[in-house]
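I opened the model and kept short notes as I went. The entries follow in the order in which I looked things up.

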Amino acid sequence: MSATPARPPVRPVAVVSVAQSKAVRREDHRNEVEMLMPVVTEVFANIGITKSDIGFVCSGSTDYLVGAPFSFVMALDAVGVWPPMRESHVEMDGAWALYEAWTLLQEGEVDTALVYSFGRSSPSDLQRVLALQLDPYYMAPMWPDPVALAALQAQALIDAGRATERDFATVAARSRRDALGNPNAQVAKDQTVEDLLTDDYAVAPLRRHTLPPVTDGVAAVVIAAGDRARQLCERPAWITGMDHRIEAHALGARDLTRSPSTASAASAAGLFDGAAGGGALHVDVAELHAPFAHQELIVRDALRLADSVAVNPSGGALAANALMVAGLLRIGEAAGRIMDGSAATAVAHATSGPCLQQNLVCALSATPGGADGKGA
Amino acid sequence: MTDAGTHTDVGATGEAPVTTLSTPIRVEYQYTAGLAQSRYLHGMADGKFLGQRCPKCRQVYVPPRGSCPTDGVATTDTVELGNTGTVTTYCVVNVPFQGQSIEIPYICAQILLDGANIAFMGLIQEIPADQVRMGLRVEAVWVDRSEFGLTSANVRYFRPTGEPDAEYETFKEYL
């Protein structure tokens, strides 16, 4: 496919604070607002600001998960929008809410934005809810569940000779082991690949360990522009590029073993500028939103990640997968590595839709101009 | 149709075109009321209105949702409110609709319970529709105590108390 020209940000914007709830299988007692409040409080407290310091609020969630219309309006009670605030919402993962906020900050009218998302996967039968994102005439009435669709994708990858079940188990074993270092993770275990390969199949060729957990959780991020970012954070995680792309809705129209939308978004985010001619991408950390183990392999390929890149040190979506939150958390986790000084460059990826239909890529760096410091 | 050998053009055979497709969808949810609303519902089961007060602006919200929508902070103090309140504004429902359980015309009103700082919607009965007015003093009429459950339906409706109307100044902030 033809390369998408990179569009460098006109104004440097950085992630300056990240907060998240502990990922749980089911939040029994608190409603969405009660889950969000402490996390919003924490994301402000981290950098010593209040809501009056925020110029824009953008949230990501979907009413289908909780079965309540306009649930995002009620969730605003967690912020307290008086006096009236400039606010927006996307019926998508919070990563796309962050994209909207980042775009707005590019315009220069506001300097700070709060981005949050909430996702409760437990109130409904997730398999049925996710079937409703398919085309409503021919696909959705058959209720194909997301695990079955992902299994078709995994089988296509095996048939193409590009991966084996052992490769899937290797991804899961590494993710679960890394999650032991993540206090917010839901699935954290030290298991060998051999152990995992004795698991039952959920839907062949996907064994249980290749599936994401069902998670309730929330996350919040504050982004800030230019000098404001430097004031708020000693080591801001600068967003050097970000873009998103979508593929055809009809699964049969796609090559499920590839993710051209990820590649295209990465190119537009400027990630391949220093790796022309198909060279490998060298960053310190990659946080990839791959809910199913085999999807990590597809996204890695699309991003041309070098073998040296630390992938999903948080444990990724196999360790916690609150829908609408997990993508924003990939940006949050990747930014966190830069903010704590353990990484200088990172890439974060978020996905939406069945079988990696839609993808967002965010390039992060300890310097505003990217890895080589250009434009800093 | 380009592949006439394997496909039949239904339009050409005289069959009626398909103009409607019915795809029934049903998804069930298990709702989590939350800490504040759970407390409110337990109050209901006890025949009481339980609100919550914002520790910052001191406003009392009923039913509470656990946070102050103005300040964005948790409301922690529970406040028991009385059984009486004021109609701040209302409308007369004259339109029949599917599933309607009350005879029209009826009154849907915003009711500000005494001691609360937010009005909620309630049904007004035991007064002709054309006599309902802003400032009307009302009280909650509950179902029989033996039927109390964890539900707002414990309150059947509100009816006039017969007190003089509330002064506009006392409720103008809550319209």
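Entry 1, domains of chain B. I looked up the spacing first: the C-alpha centres of domain 1 of chain B and domain 2 of chain B lie 20 Å apart. Domain 1 covers 32-81 and domain 2 covers 82-175, with bounds from an automatic or database domain assignment. This is a predicted model, in which I take local features only at pLDDT of at least 70 and side-chain atom pairs only at pLDDT 80 or more, while totals for chains, interfaces and linings use all residues. Residues are numbered from 1 along each chain as its sequence is written, and chains are lettered from A and ligands numbered from 1 in the order in which they are written.

I found 14 residues from domain 1 of chain B and 16 residues from domain 2 of chain B in the contact, where contact means C-beta atoms, placed from the backbone, within 7 Å. On the domain 1 side, helix 1 (35-44), strand 1 (49-53), strand 2 (60-61) and strand 3 (77-81) of chain B each give at least two residues. Helices (H or I, at least four residues) and strands (E, at least two) are DSSP runs, numbered from the N terminus. Helix 1 of chain B has the largest share of that side, three residues. By class, the side of domain 1 of chain B that touches domain 2 of chain B has 10 nonpolar, four polar and no charged residues. Nonpolar here is Ala, Val, Leu, Ile, Met, Phe, Trp, Tyr, Cys and Pro; charged is Asp, Glu, Lys and Arg; polar is the others, Gly among them.

I placed Phe171(B) in helix 2 (residues 168-171) of chain B. Leaving out residues up to four places away in sequence, Phe171(B) touches Thr86(B), Thr88(B), Leu112(B), Gly135(B) and Ala166(B).

Entry 4, helices of chain A. I noted that the axes of helix 4 (residues 94-107) and helix 12 (residues 326-339) of chain A come within 5 Å and cross at roughly 60 degrees. The contact is made by Gly94(A), Ala95(A) and Leu98(A) of helix 4 and Gly327(A), Leu328(A), Arg330(A) and Ile331(A) of helix 12. Those residues divide into four nonpolar, two polar and one charged.

I recorded ipTM 0.84 and pTM 0.92 for the model.

Key: Axes fitted to C-alpha atoms, helices over the stretch in contact; angles between N-to-C directions. Contact = placed C-beta atoms within 7 Å.
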